[in-house]
Amino acid sequence: MKFYELSPQERRNFLEREGYITHNDARLLRLSPLLREYAADGMIENQVGIMGIPIGLLMGLKVNDKEYNVPMATEEPSVVAAACAGAKIARENGGVIAAIWPLRVIPADIVFQRVSAEQQEDFAAKVEDHYKDMVRVMQKAVPNLTHHNGGIEGVSCVPIHKGEFWKVRLWIWPGEAMGANIANRLSEAEAKYLEGLLGIKPLAAILSNAETETVTCGVDIDPKTLETKTESGLKVAKKIVELSRWSEMDDTRAVTHNKGIMNGVVACALANGSDTRAVEAAAHWYASTDGEYKPLSTWTFKQEGRKKILVGRLTMPMAIGKVGFSIKTLGTAELCQRILGAEDLWETQMAFGAVGLVQNLAALRSIATEGITQGHLKLRDYNLARAAGAQGKEIRQVAKRMMLNPKRTVRQAEIKLAEMREGEAFEDDEDENE
Ligand code: MEV
């Protein structure tokens with residue numbers, strides 16, 4: 001039986017049997033939400049409730065020759081199914097190759113106003129001369145920074161708009177933390193020091209979400225693996241390339257193309273306990289760094305002998321953390337990280353980038369073939385079949401019969417299920433969502 005045909009309890013049993021999670025993990029997942037009221041109250045102001053979001057597993061995502069089961073938290077019904085479909089195609093083609101620079105640096109700014117050209121030169125020289133003192137100030141502000149594999153990479157001075165603003169930019173290694181709190185603490189400490197040094201009061205000291213470090217993921221696809229019942233793989237691949245070109249030329253398409261990527265990335269980031277707004281903000285900033293909003297991924301052809309190969313590439317920042325207060329407080333996030341099984345932050349970032357790429361592939365393939373609505377209706381039929389009480393293979397069979405039915409209701413699914421149970425044999429057909 002396929003993973004999606006099992007009940008949630010059977011899926012947890014499977015994961016436990018296969019050694020992906022412990023018995024205690026399975027129990028914790030069943031008891032979701034893991035967030036206790038006292039912890040929730042300590043996380044935000046005016047807490048009055050706790051909201052549950054389903055966690056699904058993207059099974060068998062192959063990245064750099066390692067297979068992952070990736071927890072994804074999302075309210076959008078088609079996201080996990082699409083990610084599974086995209087990951088299956090990628091797997092059939094050897095998987096995703098990913099790379100990242102293993103020293104994540106985040107920026108934080110101390111900003112001054114109305115600094116004349118002479119002052120800028122003078123200030124920049126003072127900052128350079130006092131670099132060692134600035135490092136000491138930062139080390140005092142966050143003493144354990146270097147112990148946690150974090151640190152300070154450098155300081156630069158940047159004029160903005162002909163000196164209307166002028167900023168001292170700190171480059172910080174937050175180690176495996178997301179780093180926002182660290183960056184803010186460091187920049188605030190430095191602001192006080194610089195006020196004394198330069199004799200001018202800063203306007204603000206704040207991190208920047210413009211993360212310049214990126215993850216790059218690639219997958220090479222034999223078009224044969226994209227074929228559908230009605231269209232050749234090459235035809236589908238050609239349409240994917242055209243869709244990709246369209247998003248490069250039309251920012252209103254690029255934003256939807258990127259939204260599809262973020263469907264996967266944000267679902268992973270949320271399950272991981274990361275700040276999803278930071279992930280989104282950095283990604284969309286990066287998409288527009290050339291002055292025009294662009295797609296985060298591209299799909300092109302390369303020639304291999306007489307064969308065309310579809311080449312998918314994605315580059316984007318991945319502003320997540322692997323340690324930190326929220327991750328610790330949200331027990332589910334730690335559990336999701338255990339299920340993912342990445343050794344460190346960088347492996348996690350590469351896995352999430354790969355999810356973005358396969359999510360994008362699945363969306364473009366759907367648009368290029370049956371259309372998004374058809375896929376959504378299919379999923380709704382599966383849910384109706386489950387709601388009607390269908391089990392295992394019955395789910396697929398009832399869903400298939402629902403497709404021919406203009407009235408898609410639980411009652412109709414119950415009727416179909418009863419008819420089937422009364423004697424019709426099951427056909428064992430194939431489905432893409434494995
Ligand atoms: C839907 O959530 C995401 C898509 O619109 C992405 C896309 O159009 O590429 C399907």
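Which helix gives the largest share of the shell around the ligand? I looked it up, and the answer is α9, with 6 residues. A reminder to myself: this is a predicted model.

**Entry: the shell.** I listed the residues that surround the ligand: Glu76, Arg253, Thr256, His257, Lys259, Gly260, Asn263, Ala363, Ile367 and Ile372. I then checked which helices supply at least two shell residues each, and found α9 (251-271) and α13 (345-368).

Entry: I went through the distances from polar side-chain atoms to oxygen atoms of the ligand. For arginine 253 I read 2.8 Å. Lysine 259 also gives 2.8 Å, and asparagine 263 gives 2.9 Å. Next I looked at how much of the ligand is covered: taken alone it exposes 290 Å², and the protein buries 84% of that.

**Entry: the whole chain.** Stepping back, I counted 16 helices and 10 strands. The C-alpha atoms fill a box of roughly 85 × 55 × 35 Å along the principal axes. Of the 434 residues, 50% count as buried. I also looked at contacts between residues at least 6 apart in sequence, and 71% of them join residues at least 24 apart.

**Entry: surface and charge.** My charge tally came to 54 positive and 59 negative side chains, and the centres of the two sets lie 4 Å apart.

Technical notes:
Residues numbered from 1 in each chain as written. Predicted model: local features only at pLDDT ≥ 70, side-chain atom pairs only at ≥ 80, totals over all residues. Heavy atoms only, no water. Helix = DSSP H or I, 4+ residues; strand = E, 2+ residues; numbered from the N terminus. Buried < 20%, exposed > 50% of the residue type's maximum accessible area, 1.4 Å probe, protein only. Contact = heavy atoms within 4.5 Å. Lys, Arg positive; Asp, Glu negative; His and termini not counted. Charge placed at Lys NZ, Arg CZ, Asp CG, Glu CD. Near = heavy atom within 4 Å. Polar contact = N/O pair within 3.5 Å; in protein donor to acceptor, adjacent residues only side chain to side chain. Areas by Shrake-Rupley, 256 points an atom, 1.4 Å probe, with all protein chains shown as cover.
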